[in-house]
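Please examine the sequence and the three-dimensional structure shown below before reading the report.

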Amino acid sequence: MSSQEISEESLPSEQDTAHGKAVAESPFANPGLPPHKPRIQDIDERAAKRSERTVALLFTISMLATVGFIASFVIFPVDKIVYVWPLGHVSATNLSLGLTLGIALFCIGAGAVHWARTLMSDAEVADDRHPIEAAPELKAKVMADFAQGAQESALGRRKLIRTTMFGALAMVPLSGLVLLRELGPMPEKKLFHTSWAKGKQLINMNTMQPLRPEDVAVGSLTFAMPEGLSEEDHDFNNKIAKDALMIVRIQPADIKDKRELEWSYDGIVAFSKICTHVGCPISLYEQQTHHVLCPCHQSTFDLSDGARVIFGPAGHALPQLRIGVNGKGNLEALGDFAEPVGPAFWERG
Amino acid sequence: MKKLSARRRHPLAAVVVLLLALAATGGLYAAFAPASTAQADETAQSLAIEEGKKLYTVGCASCHGTGGQGTSDGPSLVGVGSAAVDFQVGTGRMPAQQPGAQVPRKKNIYTQAQIDQLAAYIASLGAGPITPTEKQYSVEGADVAKGGELFRNNCAQCHNFTGEGGALTKGKYAPSLDGVSEKHIYEAMQTGPQNMPAFPDTTMPEKEKKDIIAYIKAVNGEETPTPGGFALGGLGPVSEGLFGWIFGLGSLIAVAVWVAAHTAKAKKS
Amino acid sequence: MSTANDTKRKAPAGERVADWADGRLGIYTLAKSNMRKIFPDHWSFMLGEICLYSFLIIILTGVYLTLFFHPSMNEVVYHGSYVPMQGVRMTEAYASTLDISFDVRGGLLIRQIHHWAAVIFLAGMFVHMMRVFFTGAFRKPREINWLFGFLLFVLGMFTGFTGYSLPDDLLSGTGVRFTQGAILSMPIVGTYLSMFIFGGEFPGHDMVARFYSIHILLLPGIMLGLVVAHLILVFYHKHTQFAGPGRTNKNVVGMPFMPVYMAKAGGFFFLVFGVIAAIAGMFTINPVWALGPYRPDHVSTGAQPDWYMGFAEGLVRAMPGWEITVWGHTFVLGVLLPLVLFGVMLAAIAAYPFIESWITGDKREHHILDRPRNAPTRTALGVAWITGYMIMLIGGGNDIVATYFHLSINAVTWFVRIFFFVGPVLAFIITKRICLGLQRRDRDKVLHGRETGIIKRLPHGEFVEVHEPLSQAHLHALTAHEQYAPAEIGPTVDENGVERKPTAKEKLRSKLSKGYYGEGNQIPKATVEEYKEISAGHGHH
């Protein structure tokens, strides 16, 4: 499209190559292929013999290495660990198989390349290139053929055929698209809820026992899940991906956010363990600064200030779970999270 | 000399000079870097020797106050318990050399007997976690697999899959667990040193601490097998990628240079 | 030739087979133009071969792995031979990966070859692309092949990513979680896509099986087709070559395919395979047993993707947490913008050949490679792009950088944020200066000869350095490159004498062209006249 715009002078002239003989006396002219110089192997048969022996030796080493591979495979039990400096305590099978296979392959390659480099002709040869673009006559012939074909198809004249054909071809992939609907359910409100509900006790994930407020020391870190959830459940992973809870205790006087204090129990606060950035379990808790860092993208939240974001790519604070103590003296949830946990999404609002 | 000057305009001369310069810089760094650490250790050591036996007054009181009540330079030690003292002093973190993002582990300058005396003194100031006995932290009969699950839930987020350590905010870090004794790991979980949160017995019972220690020792011990070969630091894709680029692709390119190079001619022109 | 004749005499059976095949496939016609096809020798021309061979190695080892791997998310309790995992609940995918590593003899080796080859495949493609870019080998007629190569690189990234996710270990699962979070960030369709891809809520029970068919069938199938097309085009176009004696734009100088190149290229396959096998025997990669099975509530510090995704990871890590809510809908810019930028930076690679050919307006075929210094603006742009890429790669590993260089992770992140913008600009300026300097040196070399380092004292006491004149071959190589003149805006008065305003497009093109070829953006190469004047005038000096 821009061919008309080009001012030809901006292109360099092809003086260096095209003029050929006209500038042959130019000191910069292409002197042509230098005369071929022989290698030692080309003029000294003993050197050539040496090369031949080297190649044969490499191929022989390869054969021996393959024998070694099979032997290692047979000899070493799969769980045998050996100490090899400086690699460490490594699997005997892995090391021996890897090295023998590596040597067997490498020596074939080295042999072939050495053969090519020292014994095959190393005379450089020039091969002509031909322009890729077709000659004008050829192009004219093709265009004429195409025009004839197009004319014979009558596609241009029979508009009805053309229109309906395009319609049919455009519509038929829709069937495939519709089939993809079965890949998964509609999102509905799934991302808005977790298993937490009023009265559900907080289960310590270490002991699988309900947490009691007196168990949770200032400066400690505990992870909890809702009662009724079990690791054996079929959908445990789906559930824990939203339910996972991080429990810390902060001196009530140190809690800066009013709502956080209100939703805590005597300084015990429960935040979602799932990062609001892209959903990594965030739990790198610094007990003195009350900062919690995400190991995936370094979003940092201040747990003493409503878990607001103080660094990194997360867009909003970690959701807090409102907790209290039930009749048995155990910690319990006072409802679900007030907002969706985990990464933000379009419908989140 | 003549040979040298004749070659200094050689096309490869620049490369050689660059290599020499790089080697020299590296050598200088290697020569100077450890020296300063050694010096620091010495100062600390000579200090301790000078001050003699009144360990606390000498080693700790300047920051933590004469009665352990704490000052602006160091927190109160009332109620931290003997386990905290044993950990902090036993791993060489205390006495600290200088303020910073985090007090690093270094060579312990006290004997165990001295640490015990210190711990007894601090414990007398207020009740706190007590130094564990060997029965508590020994990994005999521990469940390694359960320890692994607990480790991945409670510890790996800061200390990495196999305890190689990792970064925290603003220059703080979770230290590597390489070569840390069972007792010190136990005490760290019990007391929550520096910014590490505590995992008290009320939420993580003794048995589970043992399981965790057993797992750490199983995957990060001296004898831990790395079946696949050299572990590249156990840091995951970053070191693997670097290795793949520099060593993997590097050696393949070196091979390619050999394959493509012209064979030596009979007579050099 | 003699070998071919020998074979004929010794093995007529072979000839009969060839005749049989020729009668059905026409192999003689095919061999006529290809058997003695010429390939130039240069180490950098073998970078593509590294990629091709590591791709073949990946396919070979991958097929073996499918014999043992169970792409299933059914939960099982592990009872294999790796003690620290005995009794742990995990998916079959993870359990079978442990079995491959510990209970299948040689399984660990094949797994490690597969993974190391993948790391090297991607790295090889990156370097191969750099070679093609900096030497201008993407110019006409090779633009389409550049696109094929680009697609291979992008598809390679995603094939690597899907494969990396299959063992369902804690590290790869974290990567998948990131992907799901990124999908969620897409406006309007995000939640639907996430539900459809994962068959419901994350992580669901379908991810591994779906990624498996993508990883072993869909993407490699497309890639295999592209590799074949890429190679056919390499054969069809004939390889490019550097300028030198006897080499012109109308020929290709090198060794014939049969036997030299066949031996070298065939041998190189074994060399590559051998090196990777030895590496896999000695160096651990992705020790999934140490990582543990994936659980959405577990994580480890140092959570990184494989290196080729590190750039995207860096973009995401460096991004500030922007999130806007408008009319009840959330724009998750903190995740979305890095993804868009990732796409834009990749698209820039694909688009470059077309942009440059529009600026130069050059419609001729180019088979002689540029030395990077002779295309200073292109080279500088390339280095600037790589600088941005590398900075984001550092950003992707900011936690490891912080830990091992004892820096603050926040400081490293801020460094990355600033230098992602500053670094490429500096790199552009510096690279261009270096290129121009090298061009000047070439010019001096042509005009004054090579500095020998030998000092001579003249009769009147002056010391001079002896300059050795270059050979004609060397002179030719240093002056063979073409230098464009900047494109001017065409006549502003048309043939009817009516004044017309140059379009914005024309203006832009002229401006860019000046930036590439204008004064100060390239050093005019030595002309024959200059050379003759100097060599006639004062001999050596």
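The report that follows treats chain B and then chain C.

The structure is a predicted model. Chain B contains 11 helices and two strands. Chain B has 269 residues, of which 41% count as buried. Among the contacts in chain B with a separation of 6 or more, 65% join residues 24 or more positions apart.

| Domain of chain C | Residues |
|---|---|
| Domain 1 | 1-35 |
| Domain 2 | 40-313 |
| Domain 3 | 432-488 + 501-538 |

The C-alpha centres of domain 1 and domain 2 of chain C are 37 Å apart. An unreviewed UniProt entry lists residues 17-243 of chain C as "domain: Cytochrome b/b6 N-terminal region profile". This span, residues 17-243 of chain C, is 68% helix and 4% strand, and its end C-alpha atoms lie 42 Å apart.

How do two helices of chain C, α13 and α15, pack against each other? Helix α13(C), residues 307-318, meets helix α15(C), residues 376-396, at an angle of about 70°, and their axes are 7 Å apart. Angles of 65 to 115 degrees count as roughly perpendicular, and α13(C) and α15(C) are therefore roughly perpendicular to each other. Residues in the contact include Phe311(C) and Leu315(C) of α13(C), together with Tyr389(C) and Met392(C) of α15(C). By class, the contact between α13(C) and α15(C) has seven nonpolar, four polar and two charged residues.

Definitions and conventions
Residues numbered from 1 in each chain as written. Chains lettered and ligands numbered in written order. Predicted model: local features only at pLDDT ≥ 70, side-chain atom pairs only at ≥ 80, totals over all residues. Axes fitted to C-alpha atoms, helices over the stretch in contact; angles between N-to-C directions. Parallel < 35°, antiparallel > 145°, perpendicular 65-115°, else oblique. Contact = placed C-beta atoms within 7 Å. Nonpolar A, V, L, I, M, F, W, Y, C, P; charged D, E, K, R; others polar. Domains from an automatic or database assignment. UniProt positions renumbered as here; feature names shortened; annotations may be inferred. Buried ≥ 20, exposed ≤ 12 C-beta atoms within 10 Å, placed from the backbone.
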